[in-house]
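Hi there,

Here is the structure I promised to pass on to you. Have a look at it first, and then read my notes below.

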Amino acid sequence: MANVAVIGAQWGDEGKGKIVDWLAERADMVVRFQGGHNAGHTLVVGDQTYKLSLLPSGVVRGTPSVIGNGVVLDPWALRDEVARLAAQGVLVGPDTLMLSDACALILPLHRELDGLREDASGAGKIGTTRRGIGPAYEDKVGRRALRVCDLAHLDSLDAQLDRLCAHHDALRAGFGTGPVDRVALVAQLKEIAGFVLPFAGPVWRDLNAARMAGRRILFEGAQGVLLDVDHGTYPFVTSSNTVAGAASAGTGMGPSAVGFVLGIAKAYTTRVGSGPFPTELADETGERLGMRGHEFGTVTGRKRRCGWFDAVLVRQSAAVSGATGIALTKLDVLDGFETISICTGYRLGERTLDYFPSHASDQMVATPIYETMPGWSDSTAGARSWADLPAQAIKYIRRIEELIRCPVALVSTSPERDDTILVRDPFAD
């Protein structure tokens, strides 16, 4: 039985939460491997809706869940999210959640810096969630971060705090803000340490032991490949690698452990925040997609920009992540469209491109080349087999497979967990 890595194949918000939850029923462990609480995964179980940001989606089912070392952790956000789930009847404790003691911490000073930078950027705003994700990753790479394991050694952090505060005090001065209050920061860390440390440990050891025992591991990514710091629409990206390869580095498991790579893509395209978006529809069609798809960010509540399916971008995402299959979500949102368009390439000046260029200025002016197909009038909502789908909907899916050069393994037809068509079982490969 294969392990499975789930990644977003667009700009995030593709419906990973539902797919991971659906797969988690048959997994033995679920692992988050990058990002932070800027992620937003919505799970609908019966009449309950669960909104997760930091916790792996497996916690709702009680599946043993892991936050890997590639995640940057806001310990206060973790405590708040655990409390919210408890209020909904889902108890999360050290028996069901393991946390890498090597995770870099998101501190209050990171959140403050994130906001200061965005406010000062004017037209250059990247559109961050202001949750300190980027500054925390910067400190990790700059070797001045505090990590989860440091919470057990708070009385011996003077040298590390010197490095951290020297960097941040200089940045804060540039924004006209006072230096970091070290005494208050240490007090905050001492207050939260007792909550975090019972979850913490060398999760790489547990994950590798689980693999040796033949247990099925589900790797859960956040955001999407088009937000990858190397492969996305730079600089309008997140601060981590979101491609499937990050599942290895972000958990302490070898590349051979990743197994089946399942890319998640909507049957159309959306994006939150700033940045290029070739197929964006600033018209009634875009509004219709947004209203029918309830396109508002889980974390930020921001309205998502909507457009037609971009096969070039998804093909590129599938290639750089080595996708084995695609889960196509929100097919039902396209019900009732007389015609449906798919982007098959771009025009950039006199050139025709079959890939998305790297430079932001080229990305902003690339014009989509569309192929138009007839839509369907029958409903796909709630379909659970190919036989439930209109013939034209099946043709649309098959055409997407051809264009992205990757087979569709799952089709989701509503937010409900069981409204899913299984074409190819990722865990059976």
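**A residue in a loop**

Thr 380 sits in the loop that links strand E18 (367-374) to helix H12 (391-404); helices (H or I, at least four residues) and strands (E, at least two) are DSSP runs, numbered from the N terminus. Before you go on, please note that this is a predicted model, in which local features need pLDDT of at least 70 and side-chain atom pairs count only at pLDDT 80 or more, while totals for chains, interfaces and linings use all residues. Residues are numbered from 1 along each chain as its sequence is written, and side-chain values use heavy atoms, with hydrogens and water left out.

Is Thr 380 buried or exposed? Its relative accessibility is 1%, so Thr 380 counts as buried (buried means under 20% relative accessible area, exposed over 50%, partly exposed in between, with a 1.4 Å probe and protein chains only). Leaving aside residues up to four places away in sequence, Thr 380 touches Leu 331, Asp 332, Asp 335, Leu 389, Pro 390, Ala 393 and Thr 413 (contact means heavy atoms within 4.5 Å).

**The sheet around E10**

An open sheet of 10 strands runs in the order E9-E7-E5-E2-E10-E1-E11-E15-E19-E20, with mixed pairing (two strands pair if DSSP finds at least two bridges between them). Strand E9 (200-201) and strand E20 (420-422) are at the edges with a single partner strand each, so one side of each has no neighbour in the sheet.

Now find strand E10 (residues 217-220). Strand E1 (residues 4-8) pairs with E10 in the parallel sense over 3 bridges, and Val 4 has Leu 218 as its bridge partner there. Strand E2 (residues 29-32) also runs parallel to E10, joined by 4 bridges. Here Val 31 is the bridge partner of Phe 219, and Arg 32 stands opposite Glu 220.

In a regular strand, side chains alternate between the two faces of the sheet. In E10, Ile 217 and Phe 219 point one way, Leu 218 and Glu 220 point the other way, and all are buried.

Which residues of H5 meet H6? They are Asp 158, Leu 161, Asp 162 and Cys 165, and they meet Arg 182, Leu 185 and Val 186 in H6. The residues of this contact divide into 4 nonpolar, no polar and 3 charged (Ala, Val, Leu, Ile, Met, Phe, Trp, Tyr, Cys and Pro count as nonpolar, Asp, Glu, Lys and Arg as charged, and the others, Gly among them, as polar).

Enjoy exploring!
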